[in-house]
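Here is a short report on one protein chain. Look at the structure first, then read on.

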Amino acid sequence: MRYRSDLDGLRCVAVLAVVLFHAPIAGFAGGFVGVDIFFVISGYLISRLVWTEVEQGSFSLARFYERRARRILPAVSVTILLTSLPALWLLFPRELHAFGQSVVTSALFASNLYFLDAADYFGGKDGSSLLLHLWSLGVEEQFYLAFPLLFVCIKKYFRGRYVTTVVGLAFASFALNLVATVYAPRIAFYSMPTRAWEFLLGTLVAIGALPEVRSVLWREALAVFGLLLIFLAIFSFDPGTAFPGYAALVPCLGAACLLHAGERDLTGVSRLLSVKPLVSVGLISYSVYLWHWPLDVYYALGVQTFPSRLAKVGLVAAAIGCGALSWWIVEQPFRTRQLASSPRALVRASCLAALALLAVGGALVLTRGLPTRFSAKATQYASFLGYPTVPVYRDGVCFLTPKYNRIEDFRTDICLKPVAGARNILLLGDSHAAQYWKGLSNAYRDVRLLQGTGAGCKPLLGGASGEKPCPELMRPLLGEFLAQHRLEAVVLAARWRPADLGPLLATVKHVKKLAPRVIVIGPIVEYRIALPRLVALAEAHGRPEVVEAARVRELKQLDGIFARELAAAQVEYVSAYRTLCGPTGCVTTVPSGAPVQFDYGHLTEEGATFMAQEWRKGRIWTGL
């Protein structure tokens, strides 16, 4: 294969997109598509190599896996081991236990399967997700376990019909991706079968499945088009984009267009991507990718606040610096055979590395995260990290989530069944509404509290925001359901933002025609780091100021605006913010020792019950 420097330039674009997205740098909300670009490039390069060797009869499965091992194992093993050292000091037992599980699964290249249930890729930066970025490595290595055998079988049993077979597999994978994105989005995001088509798209370019573009003008146009598609995805997508789904076609087709346009000769875009700074970063892109996320997470854990602009630039620079060091000290010596020069030596080194990772991860799991490192009280606070919401929010029953996201998952017979003669009240909204169900039910035993909630589903008329099921859930509840059932009151709650005020006022005006009382619960207190971690840190290190420093200040002003505008509209307004925060500070734990919230702002059952009891006493609101 001839070396294409433009592919290293494209790698640079891909890795910087991911790094800038995670920093986070404003404007790169779709930078996560850099992983998809990597998948296409990887599929192209490895397919070209395997296809050529299979056709020439020189392919060796052992040699293929040796190359993959030299490329992948040393750098990732060193990264995981070095990442583990600060974890022993910084992570609380529950986090360290989860981190140990991720170390074990990463050593087995199955971290994508672990994080499928354990973490949201677009969630916050916490200690249990230090190795979250290795999900993509799991997908890639699972793909390459079987991929070379596919080419061997095609050559031997299918008369070399590479294009037909690959096209069929790519379409099957893409179709599975489309279905899973709708019905099982986490599986669609993390699993190899739903991502295989991205590698196979690169394969189709590599094996000459696409017609050759002879015209210089058309090659230039194709390259520009490909680059525009990539930039469109990076700058217009965001974590709310249904992904991968159809959306993943945009960056993947963009990468494929660039690969294909540069097959015959360099284009203007190829020359642009071949400039030395881009190529230099592209060469170290694998190590940069490995290091960027642990650096981001450790910064967040150590500082307990969002990084400043200067800190973000510093994090990006640190990722590139650590990547360069890893490439020089670890990657290159193994790839050039300066270390583990023979296959036997490589096998020994790989086994030792795998055993070391399994030993580290296994020890953290078996010891339950070494709880004796902290006081009992700090450990108790930190135990609320990873709080189970199912019994409190009624996930998959009355609260639709990314895991249970079909409208069929919503149990109308349980959640929306009024009782004749009872005080029937309907609670509508997103997770910031679902968090109140248990507390209100505990405090108001005389109320039949109906629940219609979904993740990201703000209860706004004429276009409920959020994931796919949100409009299907909210529109009927704000319309036919209220018209058909005479309820005592409707309670609207959500993670409100300034842009929601206008639509909320319109929604309230509509609901007041169908229900005698409309109650709006305002924005709640939020923190830049999970509250259990903050109060555990305050207890463990005697630093109570870290809790106050991490509180999001802007929400106090937003609460005031909502209170004023809704009062003017003659709507009952409940200030969740003032329930928790007063002149002397904010309530962070209840007398039982439980934190009020289990993450940046969602209530625990104890926290929700505390707030509902305060409302019943009439301290902030006269209550239901």
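## Disulfides

C398 and C415 are joined by a disulfide, with an S to S distance of 1.9 Å. This is a predicted model. The torsion about the S-S bond of C398 and C415 is about -90°, so this disulfide is left-handed. The pair links distant parts of the chain, 17 residues apart. C398 sits in the loop between helix 18 and strand 1, and C415 in helix 19. C398 counts as buried, at 0% relative accessibility. C415 counts as buried too, at 1%.

A disulfide also links C457 and C470, with sulfur atoms 2.0 Å apart. Its S-S torsion is -75°, and the link is left-handed. Both cysteines, C457 and C470, are buried. C581 and C586 form a disulfide as well, S to S 1.9 Å. Here the torsion is about 105°, so the link is right-handed. The count comes to 3 disulfides.

## Cysteines outside the pattern

Bonded cysteines, counted along the chain, pair as 1-2, 3-4, 5-6. C12 is in no disulfide. Its nearest cysteine sulfur belongs to C322, 17 Å away. C12 is buried, at 2% relative accessibility.

## Nonpolar cores

The largest nonpolar core has 105 residues. F99, W135 and F151 touch the most other members. Helix 1 (residues 5-22) gives the largest share, 11 residues. A second, separate core has 96 residues, including C470 and F610.

F151 has contacts beyond its sequence neighbours, among them W51, Y162 and I207.

## A surface patch

V78, L82 and L85 form a nonpolar patch on the surface. Together they have about 250 Å² of accessible area. L82 lies in helix 3. L82 counts as partly exposed, at 42% relative accessibility.

Note on methods. Residues numbered from 1 in each chain as written. Predicted model: local features only at pLDDT ≥ 70, side-chain atom pairs only at ≥ 80, totals over all residues. Heavy atoms only, no water. Core = buried A, V, L, I, M, F, W, Y, C linked by side-chain atoms within 4.5 Å. Buried < 20%, exposed > 50% of the residue type's maximum accessible area, 1.4 Å probe, protein only. Helix = DSSP H or I, 4+ residues; strand = E, 2+ residues; numbered from the N terminus. Contact = heavy atoms within 4.5 Å. Patch = residues over 30% accessible without salt bridge, like charges linked within 9 Å, V, L, I, M, F, W, Y side chains within 5 Å. Areas by Shrake-Rupley, 256 points an atom, 1.4 Å probe, with all protein chains shown as cover. Salt bridge = Lys/Arg side-chain N within 4 Å of Asp/Glu carboxyl O. Disulfide = S-S within 2.5 Å. Lists of a residue's contacts leave out its neighbours within four places in sequence.
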